[in-house]
Amino acid sequence: MSERLFVKRLTDFSCEYQGPFVTKIHVFDDILSTNAAVHELARKGAGEGTVVIAQTQRKGRGRFDRVWQSPKGGVYLSLLLRPKAPPEKASLLGFVAALAVTYTIRSFNLPARIKWPNDVLVHVKKIAGILLESETDHTHVSYVIVGIGVNLNTDLALLPKDVRMNATSLHKEHGAPIEYEEFLTTFFHQFDRFYQLFIAGCFDQIIDLWKQDNDTLGKNVRVQTTNGVLQGTAVDIDEFGFLLLKIHEGKTVRVTSGDCTVIDAS
Ligand code: BTN
């Protein structure tokens, strides 16, 4: 593993999880980006179930090339998946991850909900974000990296003001610090559950579960896409997890990716 990516290994970490999904966990104090590290491992042939976790990231990346601020106290992890699934279904792995994070947060009695496509919110504030990166061609998925950032015991004051305004943490919502290893162990179990559905091809079930837990459908939303802003009612998602947005009577468009803001409940 190159020093460029992996700065210092943690020595005092143990995670009780020994389930079927995770095959190897690389744990670091500080890293540039856990997603970048998993890319490097994947290119060298690492197998499904390889995980990289770090206490802090110096170049954490978010969706749309944004920076993901990664101070101490948060969870920063990336999972390597090599599913034998049609490439067009790969985007549903974001739903798998969002469901796993949502159920994990709920296990701490917090009312987590999902904002399309896969932000996890508590009391309408972002508590976790998910970044999917993949190597696919038209017929085959070589690998998918699921990167997850969670504001666990993050000191929100360390986040930039524009991020902080719309963010919360498990610590804040719970009123006490959350045990890091308990969170991770629960998360890996939950991820296993939902990923098994994906591998079994139960895509409709994943979509149904996502619909039960989402905070977007039925609402008036504004979606920032790479081609501009769209506004309308989020009426449904399709079989690939894309958003169906009714922009006016008789015109519904399919949005494949974007940043969604709820304007009001309609
Ligand atoms: C988002 O923009 O909401 C997605 C944020 C994803 C951040 C995580 S932190 C762990 C992993 N490594 C990265 O560099 N990014 C993802």
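Predicted model: local features only at pLDDT ≥ 70, side-chain atom pairs only at ≥ 80, totals over all residues.
Q: Let's start with the ligand. Which residues come nearest?
A: There are 20 residues around the ligand, and Ser33, Thr34, Arg61, Arg63 and Lys126 come nearest.

Q: What does the side chain of Lys126 do there, in terms of distance to the ligand?
A: An N or O atom in the Lys126 side chain sits 2.6 Å from an oxygen atom of the ligand.

Q: And Ser33, how far is its side chain from a ligand oxygen?
A: That one is 2.8 Å, again counted from an N or O atom in the Ser33 side chain to an oxygen atom of the ligand.

Q: Which residue has a polar side-chain atom 3.0 Å from a ligand nitrogen?
A: Gln57 does.

Q: OK, how much of the ligand's accessible area does the protein cover?
A: The protein covers 99% of it; on its own the ligand has 420 Å² of accessible area.

Q: Switching to packing. Which residues touch the most other members of the largest nonpolar core?
A: Leu79, Ile105, Leu170, Phe183, Phe187 and Phe191, out of 62 residues in that core.

Q: What does Phe187 touch, leaving out residues up to four places away in sequence?
A: Phe187 touches Leu77, Leu79, Ala97, Ala100, Val101, Thr104 and Ile148.

Q: What about another core, apart from that one?
A: There is one of 12 residues, and its members include Ile31, Ala42, Val52 and Ala54.

Q: Now helix α2. What should it span, and how far apart are its ends?
A: Helix α2 runs over residues 92–106, which is 15 residues. At 1.5 Å a residue it should span 21 Å, and its end C-alpha atoms are 21 Å apart, so the two agree.

Q: Why is α2 described as largely enclosed by the rest of the structure?
A: Because 13 of its 15 residues are buried.

Q: Let's look at Thr225. Where does it lie?
A: Thr225 is in strand β9, residues 219–225.

Q: Buried or exposed?
A: Thr225 counts as buried, because its relative accessibility is 14% and the cut-off for buried is under 20%.

Q: What does the Thr225 side chain reach at 2.7 Å?
A: The backbone oxygen of Gly228. Leaving out residues up to four places away in sequence, Thr225 also touches Leu230, Val255, Ser257 and Gly258.

Q: Last one, Glu249. Buried or exposed?
A: Glu249 counts as exposed, because its relative accessibility is 67%. This residue lies in the loop between β11 (243–248) and β12 (251–255).

Q: Which side chain does Glu249 join through a polar contact?
A: The side chain of Lys246, at 3.2 Å.

Conventions: Residues numbered from 1 in each chain as written. Heavy atoms only, no water. Core = buried A, V, L, I, M, F, W, Y, C linked by side-chain atoms within 4.5 Å. Buried < 20%, exposed > 50% of the residue type's maximum accessible area, 1.4 Å probe, protein only. Contact = heavy atoms within 4.5 Å. Helix = DSSP H or I, 4+ residues; strand = E, 2+ residues; numbered from the N terminus. Expected span 1.5 Å × (residues − 1). Near = heavy atom within 4 Å. Polar contact = N/O pair within 3.5 Å; in protein donor to acceptor, adjacent residues only side chain to side chain. Areas by Shrake-Rupley, 256 points an atom, 1.4 Å probe, with all protein chains shown as cover.
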